[in-house]
Amino acid sequence: MSRQLRADHAVTKALAALQSLLAATGWPTVKELICNVEEALAAMANILITGANGFLGSRLAATMPVGSTVRLNGRDEMVERLVLVDHLVTDKAAGPDGAEWVEGDLGTLIAAQPGLFLSADAVFHLASATSGECEAELDLGINANLLAGVALGRCLASAAHRPLLVFSSTIAIYGGTPEAPLPPVVDDTTHPTPQNSYGSQKLMLEAFFADLSRRGLITARSLRLMTVSVRPGRPNGAASSFLSGMIREPLQGENTNVPVGPELQVVLNSPDGAVAGLRHAGAASDDVWGGPRGVNLPGISVTVGEMAAALAAVGGADVAARLSWERDETIERIVTSWPAEVASERAAGIGFAADKPFIEAVRDFAATVDGR
Ligand SMILES: NC(=O)c1ccc[n+]([C@@H]2O[C@H](COP(=O)([O-])OP(=O)(O)OC[C@H]3O[C@@H](n4cnc5c(N)ncnc54)[C@H](O)[C@@H]3O)[C@@H](O)[C@H]2O)c1
């Protein structure tokens, strides 16, 4: 959106406010006039998304083009500027109307161009190395996830306007051990004891952002996503990659292996549910959100066998026959330590909607496959 258009929008809103003030009270004072202009300007938001070239970041960005209305911390705001950050930008012409791409490593960009982040009213922080990458390379996860996140938090905390930070955390902050297994249902009171580096790094950031929020420096919203399925594209380094691959590859005509048994129960979010959840985390007002603790996004509990059955129901028996079932101990060890069922009264109280049944996520993906 051009500067002229933004100025027009602010003037239009200020005039509307002036008209209602005149109707209600007669001639306003100069102070009241200034307040109305300030209010109109304050209702415009600069939004920044990290990891915006990724699976969820690109979908989230698509919902907030410049000029659209986004609810942030209980207020409707017009998106004045949308900055999309990622260390890999595949197509700078892609993305929603008016978006500005910034390519580079998050930590490096924060050090080199702090103003880019300081001018944001709301930051959706999605940039992250995957769980598999973090497990394979400790330093990678520490740098890309933990230290970049700390740098982002410190930068935003130095802004005077208390920016809103929505952080995409993960269900992998929970993990069971033989001595302390997870309860059958993880709820708002379950103690997080992550069993992999990715989950540990996310939990450390949750605690850090919550502390900045408690100190009144930022408004933090950590939202723990379940494993999101069906993810398009190719397998990635995530230990949970097969939870999309076992639907995606067969529907695209390829054989694929399921590295766990059909009895394993997992908790999933659909792509639509995850994006709606991130938006809602930003939309909820401070009063509704309550303390700065993270929230578990409501998910769908299914067994891997039920997922295969959903594949067969949507694609047919021939498609489901493209699955093989050879266990992989490393993957199994990671994913069996994650929660099998999650309940969150707190999420319901904040107004997060229930996700769609898994078969609908399978249908959504099938509809995107050529020739179907
Ligand atoms: N997809 C899931 O199943 C899932 C589940 C739970 C939580 N999450 C979280 O949601 C967020 C988004 O997930 P996704 O599936 O879209 O991931 P993704 O891998 O598709 O996207 C992440 C993006 O971040 C970018 N990135 C990584 N490190 C960066 C850095 N240092 N600087 C700049 N850019 C960097 C990558 O290039 C990538 O485009 C992540 O934080 C992830 O941990 C995802």
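**Around the ligand**

Author: This is a predicted model. Helix 3 (55-62), helix 7 (138-157), strand 6 (164-170) and strand 8 (227-228) each bring at least two residues to the shell around the ligand.

Reader: Thanks! Which of them gives the most to the shell?
Author: That's helix 3, with three residues.

Reader: And how many residues surround the ligand, and which are the closest?
Author: There are 23, and the closest are Gly51, Gly54, Leu56, Leu106 and Ser128.

Reader: What's the make-up of that shell by class?
Author: Eleven residues are nonpolar, ten are polar and two are charged.

Reader: Back to strand 8, then. Which strand does strand 8 pair with, and in what sense?
Author: Strand 8 pairs with strand 10 (residues 265-269) in the parallel sense, over two bridges. Within that pair, Val228 sits opposite Asn269 of strand 10.

Reader: What does the whole sheet look like?
Author: It's an open sheet of three strands in the order 8-10-12, with mixed pairing. Strand 8 and strand 12 (300-303) are at the edges with a single partner strand each, so one side of each has no neighbour in the sheet.

Reader: Which helix packs on the sheet?
Author: Helix 12 (residues 304-315) does, touching strand 10 and strand 12, and its direction makes about 90° with that of strand 12.

Reader: New topic: how many residues are in the largest nonpolar core?
Author: It has 97 residues, and Ile49 is one of those with the most contacts inside it.

Reader: Nice. What does Ile49 touch?
Author: Leaving out residues up to four places away in sequence, Ile49 touches Gly57, Leu60, Ala61, Leu84, Val85, Phe124 and Leu126.

Conventions: Residues numbered from 1 in each chain as written. Predicted model: local features only at pLDDT ≥ 70, side-chain atom pairs only at ≥ 80, totals over all residues. Near = placed C-beta within 6 Å. Helix = DSSP H or I, 4+ residues; strand = E, 2+ residues; numbered from the N terminus. Nonpolar A, V, L, I, M, F, W, Y, C, P; charged D, E, K, R; others polar. Core = buried A, V, L, I, M, F, W, Y, C linked by C-beta atoms within 7 Å. Buried ≥ 20, exposed ≤ 12 C-beta atoms within 10 Å, placed from the backbone. Contact = placed C-beta atoms within 7 Å. Pairing = 2+ DSSP bridges. Axes fitted to C-alpha atoms, helices over the stretch in contact; angles between N-to-C directions.
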